[in-house]
Amino acid sequence: MRLYLTDSSKRDYKRLPRTIQKILDKQLLILVQDIKHPSLRVKKMKGHEYIWEGSITKKFRFTFQIEGSVCIIRRVGTHDILENP
């Protein structure tokens, strides 16, 4: 699976603390290798048929969708991003 970052996710990424950026980098590598890895805590978002959320830390999340063999990272940040995935 390949990763694609939207402009929103790139902008969100730049706003993250450096330590969270490093953890996210690691989590995204895990995501492309094994979407069911327990540390990701991946689940489908309620009310959004094609959008999933994954965990960076207890406080930080990322949202994504899968189209074919591409995983599109939509947003990254605190739980607030889940209101507008």
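Predicted model: local features only at pLDDT ≥ 70, side-chain atom pairs only at ≥ 80, totals over all residues.
View 1. Leaving aside residues up to four places away in sequence, Ser-39 touches Gln-27, Ile-30 and Ser-55. A polar contact of 2.9 Å also links the side chain of Ser-39 to that of His-37.

**View 2. Placement and exposure of Ser-39 in the loop between α2 and β2.** The loop holding Ser-39 runs between α2 (18–33) and β2 (43–44). Ser-39 has a relative accessible area of 28%, which lies between the 20% limit for buried and the 50% limit for exposed, so Ser-39 counts as partly exposed.

**View 3. Ser-39 and Thr-78.** These two residues are 39 residues apart along the chain, and 17 Å separates the C-alpha atom of Ser-39 from that of Thr-78.

**View 4. Fold of the protein around the site.** Two helices and five strands make up the secondary structure of the protein, and their order along the sequence is β-α-α-β-β-β-β. The radius of gyration is 11 Å, close to the 12 Å given by the globule rule for 85 residues, so the protein is as compact as a globular protein of that length. Along the principal axes, the C-alpha atoms fill a box of roughly 30 × 25 × 25 Å. Among contacts with a separation of 6 or more, 39% are between residues 24 or more positions apart.

**View 5. Surface and charge of the protein.** Buried residues account for 39% of the 85 residues. The protein exposes about 5600 Å², and 52% of this area comes from carbon and sulfur atoms. There are 18 positive and 9 negative side chains, with the centres of the two sets 5 Å apart.

Key:
Residues numbered from 1 in each chain as written. Heavy atoms only, no water. Helix = DSSP H or I, 4+ residues; strand = E, 2+ residues; numbered from the N terminus. Buried < 20%, exposed > 50% of the residue type's maximum accessible area, 1.4 Å probe, protein only. Contact = heavy atoms within 4.5 Å. Polar contact = N/O pair within 3.5 Å; in protein donor to acceptor, adjacent residues only side chain to side chain. Rg over C-alpha atoms; globule rule 2.2 N^0.38 Å. Areas by Shrake-Rupley, 256 points an atom, 1.4 Å probe, with all protein chains shown as cover. Lys, Arg positive; Asp, Glu negative; His and termini not counted. Charge placed at Lys NZ, Arg CZ, Asp CG, Glu CD.
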